[in-house]
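Please look through the structure below before reading on. The questions after it start with the overall build and then turn to single residues.

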Amino acid sequence: MKSLLGISTFIIGLACSSLASGQEQNWLPPGSDTRPSKPIPEWVLGGELKGDALIGRLLFHSPSLLGERAVRLRLSCASCHPSGHRNDRFFIPNVSPRPGFVDLTHQFWFKAGEDGIENPKRIPSLHNSRSKKRFGTGPHFKSLEDFTRHVIIDEFGGPAPGSRILTFLSSYMKKLTRPNSDGAAPLPRPIPYINYVDLFGHLPEARSFVASLLLEEAGRRYRHEETPTYKEVAKELVRLRSGALTEANHQTALESLKKLSKQIP
Ligand code: HEC
C-alpha cells in the first residue's frame with residue numbers, strides 16, 4: 001500500500017469537491033472567462049485511453065488536485081489546457097493581462113505563492129510533452145513529473161501529490177498529440193462512462209480513490225444533482241468509495257453501476 005500513500009491524501013481533498021459543476025462563473029471574479037468557446041477535440045496516440053492514462057485524464061480534470069482555491073473556482077489543469085490545447089480565452093481579472101495569459105505566481109492562487117512580480121505567461125499547449133526535455137519558461141524542470149509537482153504545490157498550493165499521482169498525470173499528457181501526427185486519433189466525445197468504471201479492475205488496491213474520481217466525473221456530466229440517475233450513480237459510487245464493503249457487496253454495487261453507466265450523459 002506504500003506506493004499509494006499520495007493517493008490517500010488526495011482523497012481527503014476530494015471529499016469536499018464532489019458537487020455537480022455548472023456554476024463556475026459564480027465563483028470567479030466578474031469578467032472572468034475560463035471556458036473555451038466550443039468543445040475542443042482531444043487527439044491522442046491510438047485514439048483511446050486506458051489504465052493509468054485514463055486515471056490521469058480524470059486527475060487532469062479534477063479541481064481537488066490543485067487545492068482548495070481551485071475547488072472553489074472549479075478550475076483544473078483542463079481549464080487552461082483543454083484537451084491538451086492552450087485555452088486562448090482563459091481570462092481572470094488581476095491574473096490575466098489579456099486572454100490566454102496568466103500569472104501563476106500570484107497570491108490569487110494562494111498567498112505564499114506570490115513572487116511580488118507581474119509575470120504572466122502565455123498558456124502553452126501540451127501536445128509535445130512526450131518528447132520535450134525541459135518544461136516551463138521560469139524555473140526549468142527536466143521531467144514532466146517534476147514540473148507537474150511544481151505546478152500543483154508551488155503555483156496552486158495544492159496537496160503534495162504522491163509519485164503514483166504524477167505517473168498517472170504524465171501517462172495522460174504523454175498521450176496527447178496533434179491531429180496530423182502519426183497514430184493520432186480523436187477520443188470519442190464523451191468517453192463512454194463504462195470505460196471509467198473499468199478502472200476499478202485496473203486499480204483494485206485503490207477502490208476508494210477510483211470511486212472518488214468517478215464521482216467527480218459523474219458530477220461534471222450532470223447539470224443538476226437532483227437528476228434521478230445522478231442520484232443513483234452517486235449512491236453506488238459513495239458505497240464503492242467506503243472502504244468497508246464486503247467483496248459480495250462490492251460486486252453488487254459495481255454491477256449496478258455498470259448498468260446505470262449506460263444512462264450517464
Ligand atoms: C490557470 C491556468 C493553468 C492551470 C490551471 C494549469 N496550467 Fe499548466 N501552464 C499554464 C501556463 C501559463 C504555463 C506556462 C508556464 C511557463 O511558461 O513557465 C503552463 C505550463 C505547463 C506545462 C509546461 C509546458 C511546456 O511546454 O513547457 C505543463 C506540462 C503544464 N502546464 C501542465 C499542467 C498540469 C498537469 C496542470 C494541472 C496540475 C496545469 N498545467 C494547470 C497555465 C495553467
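**Questions on a predicted model**

Q: How many helices and strands does the protein have?
A: A helix needs at least four residues and a strand at least two. On that basis the protein has 12 helices and 4 strands.

Q: What radius of gyration does the protein have, and what would a compact globule with 265 residues have?
A: The C-alpha atoms fill a box of roughly 55 × 40 × 40 Å along the principal axes. A compact globule with 265 residues would have a radius of gyration near 18 Å. The protein agrees with this, because its own value is 18 Å.

Q: What percentage of the contacts with a separation of 6 or more comes from residues 24 or more positions apart?
A: A contact means heavy atoms within 4.5 Å. Among contacts in the protein with a separation of 6 or more, residues 24 or more positions apart account for 66%.

Q: How far apart are the mean positions of the positive and negative charges of the protein?
A: The protein has 36 positive and 26 negative charges. The distance between their mean positions is 3 Å.

Q: Is S83 buried or exposed?
A: S83 is found in the loop between α5 and β2, and has a positive phi of about 55 degrees although it is not a glycine. Most residues other than glycine have a negative phi. The relative accessible area of S83 is 8%, so S83 is buried.

Q: Is N94 buried or exposed?
A: N94 is also not a glycine, and its phi is positive, about 85 degrees. N94 is found in the loop between α5 and β2. Its relative accessible area is 62%, so N94 is exposed.

Q: Which residues does a cis peptide bond join?
A: Most peptide bonds are trans. Here a cis bond has an omega of about -5 degrees. One of its two residues, P190, has its place in the loop between β4 (184–186) and α8 (193–197). The cis bond joins R189 and P190.

Key:
Residues numbered from 1 in each chain as written. Predicted model: local features only at pLDDT ≥ 70, side-chain atom pairs only at ≥ 80, totals over all residues. Heavy atoms only, no water. Rg over C-alpha atoms; globule rule 2.2 N^0.38 Å. Lys, Arg positive; Asp, Glu negative; His and termini not counted. Charge placed at Lys NZ, Arg CZ, Asp CG, Glu CD. Buried < 20%, exposed > 50% of the residue type's maximum accessible area, 1.4 Å probe, protein only.
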